[in-house]
Amino acid sequence: MIPEHISTILNLKSDFPILNQTHQTGNPLTYLDSAASSQMPTIVIEAVNDYHRRYHANVHRGIHQLSELATEGYELARKKVKGFINAKSKREIIFTKGTTEGINLVAQSWGRANLKEGDVVLLSQMEHHSNIIPYQMLAQEKGFTVRFIPITATGEIDLVVYQQLLADNPVKLVGVTHCSNVLGTINPITEMARLAHEYGAIIVVDGAQSTPHMPVDMQALDVDFFAFSGHKMCAPTGVGVLYGKQALLEAMPPFLGGGSMINEVTWDGFTPAELPAKFEAGTPNIAQAIGLGYAIDYLQAIGIENIHQHVQTVTTYALDQLRQVPSIQIYGDSPSRGGVIAFTLGNIHAHDLSQALDFEGIAVRSGHHCAQPLHRLLGVSATTRASFYLYTTSDDIDRLVQALNKTVQFFKG
Ligand code: 7TS
């Protein structure tokens, strides 16, 4: 069972209005799809509403009261992000639409300026499509090679082979996820960054699944770029962050062109604005960024270490319980793992399984989870994934396990 003190610290369902409703089946809603999108606490929903009701206006443009309030709110959110990830400066915090846009920004800006034929971009076999395709797209144009670091039988990055690949190839960029959205593996980023730098490469980290769950400290990790999404950490969709070391961002060309990202424009050309405006062309997602700031307040009030501990405990409990379900196969067995568990159940198709779970009021995700090459490597076309967050309780896990047992019986009969 989950130790009493943990479930008492994080008994947070009442903060999340969406979780306090009944599923159309009449069962309680059991939300186990937080790795896709987490839910928002009242404080975030209210903050976004408050912006819409009281100070909706464009930022960095007007000298009227509403615009100034909106600018203050937006820039305060940037300050909160800076503190949350321990960046050195607010200039290193670029608001994006999400992780996908952040990685595309790095590929299209840093990559376009620095990668050429003969170079190697080194990714891992457990990457989400958003950390593969931006480099494949650019490679088609520039002629560099994309290689993949293999993973071990337990679903971990093979550090020996990683070092070998760095030594044997002209690697310019390492792109790796901090936490796999399928296997749950938490990768040793500090060590990987140290090795990348030793061999003269930069490292770009996909923090979509780690930032909501554990302390991410840019100084301790010493990574060059780090991207994450608001909607997986109690904030709305449509906002994310790209952190980049200031010197790198300063040397990079803009990604998108338009309003706000310039110093001066003439018929003949333009000069880009200072950071971070250089990378924030057009009207940003203001309400969403303000919501992200409040989500950070909420996570910090609970304590990111407490959240990490809670999710670890829930995940360990879930693994113990799930392993007892007949014919289950769980993918990923790293001792260092986050709150996602992907599995198959005999030869029941993943989509049928999630449909059966939905009939019980349980929300999980089925499919390849935007990691098709990884699924091919695992020898399956689809898995079912349960994922947990700060509001997940042992009751949620018990309902999942009960429903899985029922499904096994149903398909047997
Ligand atoms: N990287 C990882 C590791 C992810 O899990 C996701 C989203 C992304 C990048 C992309 O984030 P976005 O906010 O730009 O879309 N992953 C998932 C998932 O696992 N299920 O739905 C979305």
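**Entry 1: Val-160 and helix α6**

I started at Val-160, which lies in helix α6. Helices here are DSSP runs of H or I with at least four residues, strands are runs of E with at least two, and both are numbered from the N terminus. I am working on a predicted model, where local features need pLDDT of at least 70, side-chain atom pairs count only at pLDDT 80 or more, and totals for chains, interfaces and linings use all residues. Residues are numbered from 1 along each chain as its sequence is written, and side-chain values use heavy atoms, with hydrogens and water left out.

I looked up the accessibility of Val-160: the residue is exposed, with a relative accessible area of 61%. Buried means under 20% relative accessible area, exposed over 50%, and partly exposed in between, with a 1.4 Å probe and protein chains only. I also took a C-alpha distance, which puts Val-160 49 Å from His-60, 100 residues away along the chain.

Which residues of α6 are buried? I noted Tyr-162, Leu-165 and Leu-166 in this helix, residues 159–168. They are on the same side of α6, because they cover an arc of only 100 degrees around the axis; the arc is that of the directions from the helix axis to the C-beta atoms. Val-160 and Asp-168 are exposed on the other side. Among the elements covering the buried residues I listed β3 (120–124), β4 (145–149), β5 (171–177) and α7 (189–198), where contact means heavy atoms within 4.5 Å.

At the start of the helix I found a side-chain oxygen of Asp-158 within 3.2 Å of the backbone nitrogen of Val-160. A polar contact is a pair of N or O atoms within 3.5 Å; within protein, one must be able to donate a hydrogen and the other to accept it, and residues adjacent in sequence count only if both atoms are side-chain atoms.

**Entry 2: the whole chain**

I counted 14 helices and 15 strands in the protein chain. The radius of gyration is 22 Å, close to the 22 Å that the globule rule gives for 413 residues, so the chain is as compact as a globular protein of that length. The radius is taken over C-alpha atoms, and the rule is 2.2 Å times the number of residues to the power 0.38. Along its principal axes the C-alpha trace spans about 75 × 55 × 35 Å.

I found that 55% of the 413 residues count as buried. Of the contacts with a separation of 6 or more, 70% are between residues 24 or more positions apart. The chain exposes about 17300 Å², and carbon and sulfur atoms supply 51% of that area; the areas come from the Shrake-Rupley method with a 1.4 Å probe, and for residues only the protein chains shown count as cover.

**Entry 3: nonpolar cores**

A nonpolar core is a set of buried Ala, Val, Leu, Ile, Met, Phe, Trp, Tyr and Cys residues joined through side-chain atoms within 4.5 Å. Which members of the largest core touch the most others? Out of 78 residues, I recorded Ile-85 and Leu-390. Helix α10 (residues 286–302) gives the largest share of this core, 10 residues. I noted a second, separate core of 26 residues, including Val-106, Leu-173, Phe-225 and Leu-275.

I then listed the contacts of Ile-85 beyond four places in sequence: Ile-93, Val-216, Asp-217, Met-218, Phe-228 and Tyr-243.

Where does the side chain of His-310 reach? I found the backbone oxygen of Leu-390 at 3.4 Å. His-310 sits in helix α11 (residues 304–322) and is buried at 2% relative accessible area.

Ser-109, in helix α4 (residues 99–114), is buried, with a relative accessible area of 0%. A polar atom of its side chain lies 2.5 Å from the backbone oxygen of Pro-253. Leaving out residues up to four places away in sequence, I have Ser-109 touching Met-252, Pro-253 and Phe-279.

**Entry 4: backbone geometry**

I checked omega and found a cis peptide bond from Leu-275 to Pro-276, with omega near -5 degrees. Pro-276 is in the loop between β10 (270–272) and α10.

I also looked up positive phi values. Asn-86, not a glycine, has a phi of about 55 degrees; this residue lies in the loop between α3 (65–85) and β2 (93–96) and is partly exposed at 31% relative accessibility. Cys-370, not a glycine, has a positive phi of about 55 degrees. I placed Cys-370 in the loop between β14 (365–367) and α13 (372–378), partly exposed at 24%.
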